[in-house]
Amino acid sequence: MVRLSAGEKKKRLIIGVCKKLFYRNGYVGTTYEDICREADIPPGTITYHFDGKAGIATAIEVEYEAQNKIYIEKMCGDLFSKTQLAVIENYHMWKRIYEDGNIRRFLWEITSERIPSKSVHDVVEYYYKCVMGDQGIEGIAQNELDLIVAAQLGLSDALVGRTSAEPERFTYEEVAHFATRFFLRQIGMSDGKIEACIEDGKEIFDRLPIDNRYYVDFRYDDRYVAKLPGVKE
């Protein structure tokens, strides 16, 4: 069993408290006083361990982005290709954003005061590399991939903002289709192949037993992961 240092325990306490507060009250609606009261810590503890409230939100966002992929992979195992999983994960992410107003609010509020995060960049870069490996795509230099990831992050932030401002104007399917097509175009896939991948992934996604309770309070509770037949425990 790994023994955590006192500092690591304190960081986990703060993140755990902020997950619940940010989910229920929003990032903007949560004050330093709220965090200190809930965690029973002095104000200086937050700034000692994090770059303020924004630093805590970044840590929560990075985990949230990763859990989107983890949830689908737990459910699907190795039944599908990494490209299929990427399409499924994108549809899952946007459907959940539309269905869960608390998550949508959190993402929109941190997007509004976005500070570039290397951690978030690394997560999205990993997604790209998964698909590139699956499709046998080579020849994209690291510098170009860095710019591709930056463009993808910018697009995602813009879409969160646009759909938050006019949630009734677009369906989650429209947004997910657009975002997935943008994602795959950046690594050189043809439109015909992209559309075939999206159609295939969406057909699989529509059959999945998605349960959004997995994300309540950003807890990521495995009780709400229903594995598909054939997926090993």
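Modeller: Let us begin with glutamate 99, which is partly exposed, with a relative accessible area of 47%. Please keep in mind that this is a predicted model.

Biologist: Which residue forms a salt bridge with glutamate 99?

Modeller: The partner is lysine 95, and the closest N and O atoms are 2.3 Å apart. Both residues belong to helix 5 and are four residues apart, about one turn of the helix.

Biologist: Where are the two residues of the pair lysine 19 and glutamate 63?

Modeller: Their side chains meet in a salt bridge at 2.9 Å, N to O. Lysine 19 is in helix 1 (residues 6–25) and glutamate 63 is in helix 4, 44 residues apart, so this pair links distant parts of the chain. Lysine 19 counts as buried because its relative accessibility is 13%, under the 20% limit. Glutamate 63, at 28%, counts as partly exposed.

Biologist: How many salt bridges does the count come to?

Modeller: The count comes to 18 salt bridges. Another of them joins the side chains of glutamate 166 and arginine 169, at 3.3 Å from N to O. Glutamate 166 is partly exposed, with 28% relative accessibility.

Biologist: Changing topic, how many cavities of 30 Å³ or more does a search of the whole structure find?

Modeller: The search finds one. About 420 Å³ of space lies in the largest cavity. Its lining has 27 residues, and the closest to its centre are Glu65, Asn90, Met93, Gln152 and Ser156.

Biologist: Which helix gives the largest share of that lining?

Modeller: Helix 5 does, with seven residues. Among the other elements that give two or more residues are helix 4 (52–76) and helix 8 (142–165).

Biologist: What classes of residue make up the lining of the largest cavity?

Modeller: There are 15 nonpolar, six polar and six charged residues.

Biologist: Back to helix 5: at what angle do helix 5 and helix 7 pack?

Modeller: They pack at about 145°, and their axes are 8 Å apart. Helix 5 contributes Lys82, Thr83 and Ala86 to the contact, while helix 7 contributes Cys130, Val131, Asp134 and Gln135. By class, the residues of this contact are three nonpolar, two polar and two charged.

Terms used:
Residues are numbered from 1 along each chain as its sequence is written. This is a predicted model: local features need pLDDT of at least 70, side-chain atom pairs count only at pLDDT 80 or more; totals for chains, interfaces and linings use all residues. Side-chain values use heavy atoms; hydrogens and water are left out. On a 1 Å grid over the protein atoms alone, a cavity is a set of points where a 1.4 Å probe fits but cannot get out, and a pocket is an open set with protein on both sides within 12 Å along at least five of seven lines; lining residues have an atom within 4 Å of a point. Grid points are joined across faces, edges and corners, and a volume is the space filled by probe spheres set on the points. Ala, Val, Leu, Ile, Met, Phe, Trp, Tyr, Cys and Pro count as nonpolar, Asp, Glu, Lys and Arg as charged, and the others, Gly among them, as polar. Axes are lines fitted to C-alpha atoms, for helices over the stretch in contact, and angles run from 0 to 180 degrees between N-to-C directions. Contact means heavy atoms within 4.5 Å. A salt bridge is a side-chain nitrogen of Lys or Arg within 4 Å of a carboxyl oxygen of Asp or Glu. Buried means under 20% relative accessible area, exposed over 50%, partly exposed in between (1.4 Å probe, protein chains only).
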